[in-house]
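Have a look at the sequence and the fold first, and then read on.

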Amino acid sequence: MRRRSRAAEVLAAVLLLALSAACGSRLPESNFEHDDRTSAPRDTAPLRVGIIASATSPVGGAAFTGPRDGAKAWFDRLNARGGIDGRRVEVRLCDDGGSGVGNNECVHRLVEEDEVVALVATTAFDYAGASRVSRARVPDIGGQPIGSAYDTYPHLYGIYGSLAPRDGTTGWDGKLYGGTEVYRYFKREHGARTAAVVSYNQSASAAYARLVERGLRAEGYQVVTEQVDFALPNFRAVAADLKEQGADLVFDAIDSHGNARLCQAMDEAGADVTAKVTNVQNWTSTVADAYKDAPRCRNALWATGSSRNYDDTGHPAVREFREATKDLETHSQWQLEGWAAARWFTDAARSCAKSGITRACVDAYMNRGEGYTAGGLLLPVEFERRPEPPRTSRTCLSVARWQDGKGWVSQGDMNRTCFDVPQLAYEP
């Protein structure tokens, strides 16, 4: 099964929240055409979908708006080409303000008042209303797993899939499982043997760092741990030690601003590494500006994830995304995943056009036992509800490296960059 483990994405997102609180060619036209085989009379009323994004969250507006912007771009293009079976998709946006109270208000407005057929590309700081969405049997499609809701409740379908029972209890007895494929990749492909993990002396940061350390040790790495004070971090001392220890890789459990300062310190100390590894949240076009004072470290940035590189314009589905979003000031992997989520809903709704596009029909499509790829944008996404957690798994990953003048350059085929790796338990 070509499935990417989500431990890194989930915990990195949780870490971001905790730290912030503390401080050319196109897809075939058929992809957008409607099916005229529906039985008469055809329903022409607009289809309402909801998008919840913590646009004014404590971590700033740009942090959680990428999936929303990608999804909206898909629906704008879809409507320009006739909608779904002649029905326009009406997008209802809601900013929950990054609070649980605000999230519940958005759920109430979209699910109960606006009666949306589905939620799409949810990106919520605190998904407090998840249980209400589930009780209403509203399919939530392609949401970002910030927190554990998508591994807890039925009718919620995260962008990376889930093997958990999703019966109201998180994971398996409160535990989730993640693989070591990222560490295996750098060991196999680049001969890495020594890895450093940099964290703050803060609980969420330290917990995530411990998980990374466990995974690295399981793959046979020599691990160097570096912890800095959250209020007054001494990145120069860390950089000097990284150089002395001869680290091949640097992983971190710190925020984006801290990463930029760490990279600058590494450049000043002459601490060159094979890879400074980051995650999908930092897979953006803003790298050149954010790391402007660290050219060597900047060009050692690598990102891993579960979706096709948004800079891989040699792929037709990516070209379609980039053309539709060409007016955006920046691009990001989360935008591409939001676009993929909207396409997912569209495919589900089209499958229901003949019988009627309802919440139940869309939900049934989501529960199929088939891996969904959004035309090749995603690694196959599945939902299985396994009674027991996996001990090992065949997992794949998308890898890209930043290069000045080129942007993010894909490293191999994500559908072939796969490993049989152990699955390690962790508590979200």
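## Disulfides and aromatic rings

C352 and C361 are joined by a disulfide, with an S to S distance of 2.1 Å; the term covers a pair of cysteine sulfur atoms within 2.5 Å. This is a predicted model, in which local features need pLDDT of at least 70 and side-chain atom pairs count only at pLDDT 80 or more, while totals for chains, interfaces and linings use all residues. Residues are numbered from 1 along each chain as its sequence is written, and side-chain values use heavy atoms, leaving out hydrogens and water.

The link of C352 and C361 is left-handed, with -100° about the S-S bond. C352 has 0% relative accessibility and so counts as buried; buried means under 20% relative accessible area, exposed over 50%, and partly exposed in between, using a 1.4 Å probe and protein chains only.

How many disulfides does a search of the whole structure find? The search finds four. If you number the bonded cysteines of the protein chain in sequence order, the pairing reads 1-2, 3-4, 5-6, 7-8.

| Cysteines | S to S distance | Torsion about the S-S bond |
|---|---|---|
| C94 and C106 | 2.0 Å | -85° |
| C263 and C297 | 1.9 Å | -45° (about) |
| C352 and C361 | 2.1 Å | -100° |

The link of C94 and C106 is left-handed. This pair links distant parts of the chain, as C94 belongs to strand β2 (residues 89-95) and C106 to helix α3 (residues 100-113), twelve residues apart. Helices (H or I, at least four residues) and strands (E, at least two) are DSSP runs, numbered from the N terminus. C94 is buried at a relative accessible area of 4%, and C106 is buried at 1%.

For C263 and C297, the torsion of about -45° is why the disulfide is called left-handed. Here too the pair links distant parts of the chain: C263 sits in helix α8 (residues 256-269) and C297 in helix α10 (residues 295-298), 34 residues apart. C263 is buried, with a relative accessible area of 0%, and C297 counts as buried at 4% relative accessibility.

Now for the rings. The structure holds 16 aromatic pairs. Rings of Phe, Tyr and Trp (its six-membered ring) pair if their centres lie within 6.5 Å; planes under 30 degrees apart count as stacked, over 60 as edge-to-face and the rest as tilted. One of the pairs is F64 with F125, edge-to-face at 6.1 Å centre to centre and 65° between the planes. Which parts does this pair tie together? F64 lies in the loop between β1 (47-53) and α2 (66-80), and F125 in the loop between β3 (118-120) and α4 (130-135), so the contact ties together parts that are 61 residues apart in sequence. F64 is buried, with a relative accessible area of 1%, and F125 counts as buried at 15% relative accessibility.

W402 and W408 have ring centres 5.6 Å apart and planes at 75°, so this pair is edge-to-face. W402 is buried at a relative accessible area of 7%, and W408 is buried at 2%.

Y157, W344, Y372 and F383 form one aromatic cluster. Finally, the charged end of R368 sits over the ring of Y365, 3.9 Å from its centre; this applies if NZ of Lys or CZ of Arg is within 6 Å of the ring centre and within 35 degrees of the ring normal.
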